Amino acid sequence: MTWLEALVLGVVQGLTEMLPISSSGHLRIVSELFFGRDAGASFTAVTQLGTEAAVLIYFAKDIFRLVGTWFRGFGNAAVRQTQDYRLAWYVIIGTIPISVLGLLFKEQIRTSGRNLWVVGTTLVVFGLVLGAAELYGRQKRTVEQMTLKDGLIMGCAQAMALVPGVSRSGGTITAGLFIGLNRAAATRYSFLLAIPAVVAAGIFSLPDVFERAGANAPSIAQMIVATVVAFAIGYVTIAWLLKFVAKHSVYVFVWYRVVLGLFVLAMLSSGYMSAT
């Protein structure tokens, strides 16, 4: 892997991880379109540690409060009645689907799931589904009004993002809008829900990213720099997205996904890009 490739992909990861447009899909597309090869699922998973570090810092107060409440709840019945205690459990339970499916279909995710025909198609299809959620969702409930059923539904939606092009945040925000959460609530919970699964996936993939054969394997320095770049840009993106969704619809992301997906499919059909 060249330094230019590592830097570009770090920027792409930071810009797209938080947005409902699929960071893994973008990394796959940019890798193929500009560098003629796939950076790999492990590279994607490790650079996501940078963006998740941004989430940890941005939501540090919320995270410490939820974790502290969760532990106190084991010995205090009154704490177990609080919304923070329930929300902590929703995050834990919502993480189960992506954890189980990620382990069961690890090889498919790293191989056939990264086919650009799949990426292009999922960008279009799930972009339209996001648009439907924006159009038909009631968008009245806040995070404080969430239930266990809501947490599990959004957890299952997050699991679909194991396929590049679906988008983790896109899937969870879509589900949140469909079940009546407002955009700000769906986005905020989406960020919190991602932390356990993405951090675990990144740490789990650390050995794999350096064991890959061939010239495209990144050096340790390149991997660190790409992750740091993803962190810095990801932090700014979080702040921007939370302000944006509070006042605007998500249709801009819907149209972007559809246009990009159709572009990828056109490039594949013309033979300009290779699907694998």
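In this report, a residue is called buried under 20% relative accessible area, exposed over 50%, and partly exposed in between, using a 1.4 Å probe and protein chains only. The model is predicted, so local features need pLDDT of at least 70 and side-chain atom pairs count only at pLDDT 80 or more, while totals for chains, interfaces and linings use all residues. Residues are numbered from 1 along each chain as its sequence is written, and side-chain values use heavy atoms, with hydrogens and water left out.

Ala221 is found in helix H11. Helices here are DSSP runs of H or I with at least four residues, and strands are E runs of at least two, numbered from the N terminus. Between the C-alpha atoms of Ala221 and Leu262 there are 36 Å, for a separation of 41 residues along the chain.

**Helix packing**

Axes are lines fitted to C-alpha atoms, for helices over the stretch in contact, and angles run from 0 to 180 degrees between N-to-C directions.

| Helix pair | Axis separation | Angle |
|---|---|---|
| H1 (residues 3-16) and H2 (residues 23-35) | within 9 Å | roughly 150 degrees |
| H3 (residues 41-58) and H11 | 7 Å | about 45 degrees |
| H8 (residues 148-159) and H9 (residues 168-178) | 7 Å | about 150 degrees |

Angles under 35 degrees count as roughly parallel, over 145 as roughly antiparallel, 65 to 115 as roughly perpendicular and the rest as oblique. H3 is therefore oblique to H11, whereas H8 is roughly antiparallel to H9, and H1 and H2 are also roughly antiparallel to each other.

What about handedness? A crossing is left-handed if the near helix is turned anticlockwise from the far one by less than a right angle, and right-handed if clockwise. H1 passes H2 in a right-handed crossing, H3 passes H11 in a right-handed one, and the crossing of H8 and H9 is right-handed too.

Now to the residues that touch, where contact means heavy atoms within 4.5 Å. Ala, Val, Leu, Ile, Met, Phe, Trp, Tyr, Cys and Pro count as nonpolar, Asp, Glu, Lys and Arg as charged, and the others, Gly among them, as polar. H3 residues including Phe43, Val46 and Tyr58 meet H11 residues including Met223, Phe231 and Tyr235. That contact of H3 with H11 has 16 nonpolar, five polar and no charged residues. In the next pair, Ile153, Met154, Ala157 and Gln158 of H8 meet Arg168, Gly171, Thr172, Ala175 and Gly176 of H9. By class, the H8 and H9 contact has four nonpolar, four polar and one charged residues.

**Aromatic pairs**

Rings of Phe, Tyr and Trp (its six-membered ring) pair if their centres lie within 6.5 Å; planes under 30 degrees apart count as stacked, over 60 as edge-to-face and the rest as tilted. This rule gives nine aromatic pairs. One of them is Trp70 with Trp89, edge-to-face at 5.5 Å centre to centre and 65 degrees between the planes. This pair links distant parts of the chain, with Trp70 in helix H4 (residues 60-73) and Trp89 in helix H5 (residues 83-104), 19 residues apart. Trp89 is partly exposed at 30% relative accessible area.

The rings of Trp240 and Phe244 have centres 4.9 Å apart and planes at 25 degrees, so this pair is stacked. Both residues, Trp240 and Phe244, lie in helix H11 (residues 220-247), four residues apart, about one turn of the helix. Trp240 counts as partly exposed at 43% relative accessibility, and Phe244 counts as buried at 16%. Elsewhere, ring pairs link Tyr58, Phe59, Phe191 and Tyr235 into a cluster.
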